[in-house]
Amino acid sequence: MITLYHCDGARSFRPLWMLEEMGLPYELKMLPFPPRVFAKEYLAINPLGTIPFMIDGETKMTESSGICYYLGTKYGPTPLVVGQDDPAYGAFLNWMYFSDATLTFPQTLVLRYSQLEPEERRNPQVAGDYAKWFLGRLRAVEAATANAETLCAGRFTAADIVNGYALRLAGNIGLAKDFGPNVAAYWARLQERDGYQRAIAAERRAGVEQNVAPRIRA
């Protein structure tokens, strides 16, 4: 059984969504955010104290996009992963890495310096600068979805899952109002997917059952 440690609204939503899209059985363990502060016993499981943390037998992973790729390749074949013989393979990998390295990174700084730091350490200029960075990089998604329903390969893939999470986070921290029309329409399509809706429901249900209050964080 796959075990996924998750915080409400965190980047661990990527593998949760992937699990639901693939219909794989899993156990979802909810933690308060940040777990390294509010669930210190978690450090014995994941010394980094970060989310996500996935356990699959002897395999243990901490990187959300990497977990999605792992699930798709280990438990495939699945149309969610683009194979090496597909002309879109390079684009697929590029989007997989783009999701965290380019899109989520600046958002975490916006979140930190606008909400998470103590009042005296918050920095509106840093938050504003990195919000502009994120929106600038989002131009790549705006261009890619100008004439396509998805990012690559002519179909919905894990690349849409991992970048879709970045759009969810943007909404949670007040940046979605600045989406271009193509990104806004793309994000609306992603939210209509059954797999996305199941992942949202699983997140909420587990939070209630495990008595972990929802708290949207990166």
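I take a contact to mean heavy atoms within 4.5 Å. With that settled, I started at T78, which touches M22 and G72 once residues up to four places away in sequence are left out.

**Ground rules.** I am working on a predicted model, where local features need pLDDT of at least 70, side-chain atom pairs count only at pLDDT 80 or more, and totals for chains, interfaces and linings use all residues. I number residues from 1 along each chain as its sequence is written, and side-chain values use heavy atoms, with hydrogens and water left out.

**T78, continued.** I found T78 in the loop between α3 and α4; helices (H or I, at least four residues) and strands (E, at least two) are DSSP runs, numbered from the N terminus. Is T78 buried or exposed? T78 counts as buried, because its relative accessibility is 15%; buried means under 20% relative accessible area, exposed over 50%, and partly exposed in between (1.4 Å probe, protein chains only).

**Helix α3.** I then turned to α3 (residues 64-74), whose buried residues are S64, S65, I67, C68, Y70, L71 and G72. What covers them? The cover includes the strands β1 (2-6), β3 (53-56) and β4 (59-61), along with the helices α1 (13-22), α4 (89-116) and α7 (158-172).

**Cysteines.** I searched for disulfides, meaning pairs of cysteine sulfur atoms within 2.5 Å, and the count came to zero. For C7, the nearest cysteine sulfur belongs to C68, 16 Å away. For C152 the nearest is again that of C68, at 13 Å. C7 counts as buried because its relative accessibility is 1%, and C152 counts as buried at 6%.

**The whole chain.** I noted nine helices and four strands, in the order β-α-β-α-β-β-α-α-α-α-α-α-α from the N terminus. Why does the radius of gyration fit a compact globule? A compact globule of 218 residues would have one near 17 Å, and the protein has 17 Å, so the two agree; I took the radius over C-alpha atoms, and the globule rule is 2.2 Å times the number of residues to the power 0.38. The C-alpha trace spans about 45 × 45 × 25 Å along its principal axes. Buried residues make up 51% of the 218. Lastly, among contacts between residues at least 6 apart in sequence, I saw that 70% join residues at least 24 apart.
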